[in-house]
Amino acid sequence: MALLPILKYPNPNLRIKAKPITQFDDHLKKIIQDMYETMYDSKGVGLAATQVDIHLQLFTMDVSETHDQRITVINPTILRKEGELYESEGCLSVSYAHDKVKRAQKVWLRGQNESGEWFELETADLMAVCVQHEIDHLNGILFIDHLSKLKQDRIKQKIKKG
Ligand code: K1U
Ligand code: ZN
C-alpha cells in the first residue's frame, strides 16, 4: 500500500469532473487500497479520487471510530434526498477552513463496489454529509463553494498567508 499526495485548494485539478469507471481490475483495487491508507492516515472519514488527482468516479468512506466499516462507492448516483442538516464541515483539500453547510439529512444512493456489482445504500447524518461532500468532489465542487463570497475570500486570504 502507499500514501497518495492530496491535492490542496486552489489546485485547478480539484475542478476536474470525474469520468465513469468501466474497468474493475487489479489496478482499480490497488487505487482503492491506497485511498483507504491515505484517508485513515489523514484522519478523514471520506476521500474522493479527485483529491488524489485520479479523475474517476470513486470515493472511499468509513465513519466508524474502529476503521472497520469501509464503504467503497464507484459511479455513484443519488436516488433521493430527505430533510435538512446544517453541520460544520472541513476538507482534506482545504486547509484552515471549517464552516456550516446546508445538506440533506438522509441520502439514498446507488453505486458499484470494487467488483462492479451494483448496490443501493441508505445514509443519514454524518454518513449522508460525507456522501454529499464526496460526490461534490467528483463533480469538481468544494464545500467552500457553498459558502458566501465573503467567507470564501477570508479562506483564500488565510491560505495565502499560510
Ligand atoms: O473529502 C474530504 O475532504 C474528507 C472529509 C469529508 C467530510 C466528511 C464528513 C463531513 C465533512 C467532510 C473528512 O473526512 S473531514 C471530517 C472528519 O475528518 C471527521 C468528521 C467527523 C468525525 C470524525 C472525523
Ligand atoms: Zn473534501
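Visitor: What's the class make-up of the shell around ligand 1?
Guide: The shell has 6 nonpolar, 6 polar and 3 charged residues. Ala, Val, Leu, Ile, Met, Phe, Trp, Tyr, Cys and Pro count as nonpolar, Asp, Glu, Lys and Arg as charged, and the others, Gly among them, as polar. This is a predicted model: local features need pLDDT of at least 70, side-chain atom pairs pLDDT 80 or more, while totals for chains, interfaces and linings use all residues. Residues are numbered from 1 along each chain as written, chains are lettered from A and ligands numbered from 1 in written order, and side-chain values use heavy atoms, without hydrogens or water.

Visitor: Which residues are closest to ligand 1?
Guide: Lys43, Val45, Gln51, Leu92 and Glu134. They belong to a set of 15 surrounding residues (a heavy atom within 4 Å).

Visitor: Which element gives the largest share of that shell?
Guide: Helix α2, with 6 residues (helices are DSSP H or I runs of at least four residues, numbered from the N terminus).

Visitor: And what does Glu134 do there, in distance terms?
Guide: A polar side-chain atom of Glu134 lies 2.7 Å from an oxygen atom of ligand 1.

Visitor: Switching to zinc. Which protein atoms are its donors?
Guide: Cys91 SG, His133 NE2 and His137 NE2, at 2.1 to 2.3 Å from the ion, ligand 2. Donors are N, O and S atoms within 2.8 Å of the metal (3.2 Å for Na, K and Ca); water is not among the atoms, so sites may look incomplete.

Visitor: What spacing do they follow?
Guide: C-x41-H-x3-H along the chain. His133 and His137 both sit in α2, 4 residues apart, about one helix turn.

Note on methods: Polar contact = N/O pair within 3.5 Å; in protein donor to acceptor, adjacent residues only side chain to side chain. Helix = DSSP H or I, 4+ residues; strand = E, 2+ residues; numbered from the N terminus.
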